[in-house]
Amino acid sequence: MLAIIHHKDYRKYDLGEDHPLIGDKPERTVQFFKERSIFSHVDLFTPRRATEEEISNVHDKDYIQLVKTLSQTGGMLALDTPAPKGIYEIAALACGGSILAAEKLYEDYDYSMNTLGGFHHASARSSSGFCFFNDIAIAIEHIRDKRRIKRFLIIDLDVHHANGTQDIYYSDPSVLNISFHQDGRTLYPGSGFIHEIGEGEGKGFTVNMPFLPGTGNDSYFYAFEELVPFFIKEFKPEMVIYQSGVDTHNSDPLAQINLTLPFYFIIAREIKNLVDKSCKRLAILLGGGYNSLSSIKAYYNIAAAIVDKEQIMEGEIKDPNLEETKRRVRELKKILRPYWNFKR
Ligand SMILES: [Zn+2]
C-alpha cells in the first residue's frame with residue numbers, strides 16, 4: 001500500500017512569479033492523481049513541521065538561524081534561491097513530510113511518497129538550487145535515531161547532481177548515495193563526476209553517474225540496470241529513498257536530458273520490484289521538475305507504477321549517447337572496484 005504525504009500549505013513553497021519553481025505543483029499533482037483515481041489505492045496523510053532539533057541533526061545552528069532571519073525579512077539565500085517571507089516554516093513542513101514518509105514505512109505501508117521533497121542541494125552549512133533544508137538527510141537522521149537503522153540507500157535520479165546530500169554523507173558508509181544526473185560540465189551545480197566516490201570510511205559509498213546532454217531512455221535504463229540492482233544486493237539497504245526528480249524530462253526548461261514519460265513508469269516499477277525483494281521500505285520524494293504539466297504526468301507515472309495502474313504514454317526520443325554511457329559505466333565500475341565486487 002502507498003502512503004502519500006501532502007499538505008495544502010506546500011503551495012507556499014513558492015520562490016516568486018518569474019522563478020522556475022512553481023508553488024502550486026504539489027497541489028496540482030494531488031489533484032491530477034485524484035482525477036485519475038490513484039486515490040482508490042492510496043492513503044493520504046498530512047505532515048507536521050520538522051522541529052528545529054530535527055533540522056539541527058543535519059544543519060549547523062548558524063545556517064538555521066540565517067534561514068530563520070531571511071524568513072522574517074525576505075531576501076536571497078543564494079543567487080538562484082530567493083527566500084520569501086515564511087519560508088522557514090514551509091521548508092520545515094517539507095522536511096516533516098519526508099520524516100512522515102519514512103515513518104509510514106514502519107506502519108502498514110511498503111511505499112510512501114512526499115509531494116514536496118528531495119531538496120538535495122542543501123548541505124550542512126550552506127545551500128542553493130532552490131533548496132533550504134535537506135529533507136532527505138533530516139528524514140534519514142530521524143529514522144536512524146528512532147528505528148536503529150544502519151544502512152540507507154538513496155537513488156537520486158533528479159537531473160541535477162545531489163551535491164548537498166553528497167557533502168553531508170561523503171565520509172559516512174551507512175548512507176550509499178547514488179546520483180544520476182546531467183554532466184556537471186554542462187549543468188548546475190557543476191559537480192558529480194565519477195571520480196567523486198566518498199572519503200575516509202565513506203570511500204565507495206558515493207556513486208556518481210553523469211550523462212551527456214541529449215541522453216535518452218536507453219542510457220538511463222542501461223546505467224540503472226548495471227548499477228542499482230547490484231548495489232541493492234551487495235549493500236543490503238534497510239530503507240531505500242528514491243529522489244524522483246523529473247527534470248530529466250525532454251520538455252524541462254532547465255536541463256537537456258531527453259527522457260520520456262514511460263521511463264518514469266518503468267524505472268519506478270523496477271525500483272519497486274527491487275525493494276519488494278529486499279527491505280520492503282521505499283520512500284519516494286518528488287524532486288525537481290520545471291515544466292509543470294509534464295512534471296505532473298511524470299509523477300503520475302511513478303505513482304501509477306507503485307499502485308499498478310496504467311501509465312501515460314509518450315513517443316520515444318532517440319538516444320545518441322548510449323556508447324558513451326557504456327564507456328562511463330565501465331570507467332565508474334573500475335574506479336569503484338577496490339570497494340565493491342563487480343563481476344564484470
Ligand atoms: Zn533538479
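**In strand E5, Met-113 is the bridge partner of Ile-4.** The model is predicted: local features require a pLDDT of at least 70 and side-chain atom pairs count only at pLDDT 80 or more, whereas totals for chains, interfaces and linings use all residues. Residues are numbered from 1 along each chain as its sequence is written. Helices (H or I, at least four residues) and strands (E, at least two) are DSSP runs, numbered from the N terminus. Strand E1 (residues 2-5) and E5 run parallel and are joined by 4 bridges. Another 4 bridges join E5 to strand E10 (residues 282-285), again in parallel, and here Met-113 stands opposite Ile-284.

**Strand E5 (residues 111-114) has buried residues pointing both ways.** Tyr-111 and Met-113 point one way, while Ser-112 and Asn-114 point the other way. A residue is buried if 20 or more other C-beta atoms lie within 10 Å of its own, exposed if 12 or fewer, and partly exposed in between, with C-beta atoms placed from the backbone. In a regular strand, side chains alternate between the two faces of the sheet.

**Eight strands form an open sheet with parallel pairing.** Their order is E2-E1-E5-E10-E9-E6-E7-E8, where two strands pair if DSSP finds at least two bridges between them. Strand E2 (42-45) and strand E8 (206-211) are the edge strands, each pairing on one side only. From one strand to the next, the twist averages 15 degrees; axes are lines fitted to C-alpha atoms, for helices over the stretch in contact, and angles run from 0 to 180 degrees between N-to-C directions. E1 and E2 pair in the parallel sense over 4 bridges, and Ala-3 has Asp-43 in E2 as its bridge partner.

**Helix H7 (residues 217-235) packs on the sheet.** H7 touches strand E6 (152-156), strand E7 (175-182) and E8, contact meaning that the C-beta atoms of two residues, placed from the backbone, lie within 7 Å. The direction of H7 makes about 180 degrees with that of E7. Helix H8 (residues 261-276) lies across E5, E6, strand E9 (239-243) and E10, and runs at about 155 degrees to E10.

**Helix H1 (residues 25-35) has buried residues on one face.** Lys-25, Pro-26, Thr-29, Val-30 and Phe-33 are buried. Seen down the axis of H1, these residues fall within an arc of 140 degrees, so they line one face of the helix; the arc is that of the directions from the helix axis to the C-beta atoms. Helix H9 (292-307) is included in what covers them. On the other side of H1, Gln-31 and Glu-35 are exposed. Just after H1, Ser-37 takes a positive phi of about 50 degrees.

**Helix H3 (residues 61-73) packs against helix H4 (residues 87-104).** Their axes are 7 Å apart and form an angle of about 125 degrees. That makes H3 oblique to H4: angles under 35 degrees count as roughly parallel, over 145 as roughly antiparallel, 65 to 115 as roughly perpendicular and the rest as oblique. Val-67, Lys-68, Leu-70 and Ser-71 in H3 meet Ile-87, Tyr-88 and Ala-91 in H4. The residues of this contact divide into 5 nonpolar, 1 polar and 1 charged. Ala, Val, Leu, Ile, Met, Phe, Trp, Tyr, Cys and Pro count as nonpolar, Asp, Glu, Lys and Arg as charged, and the others, Gly among them, as polar.
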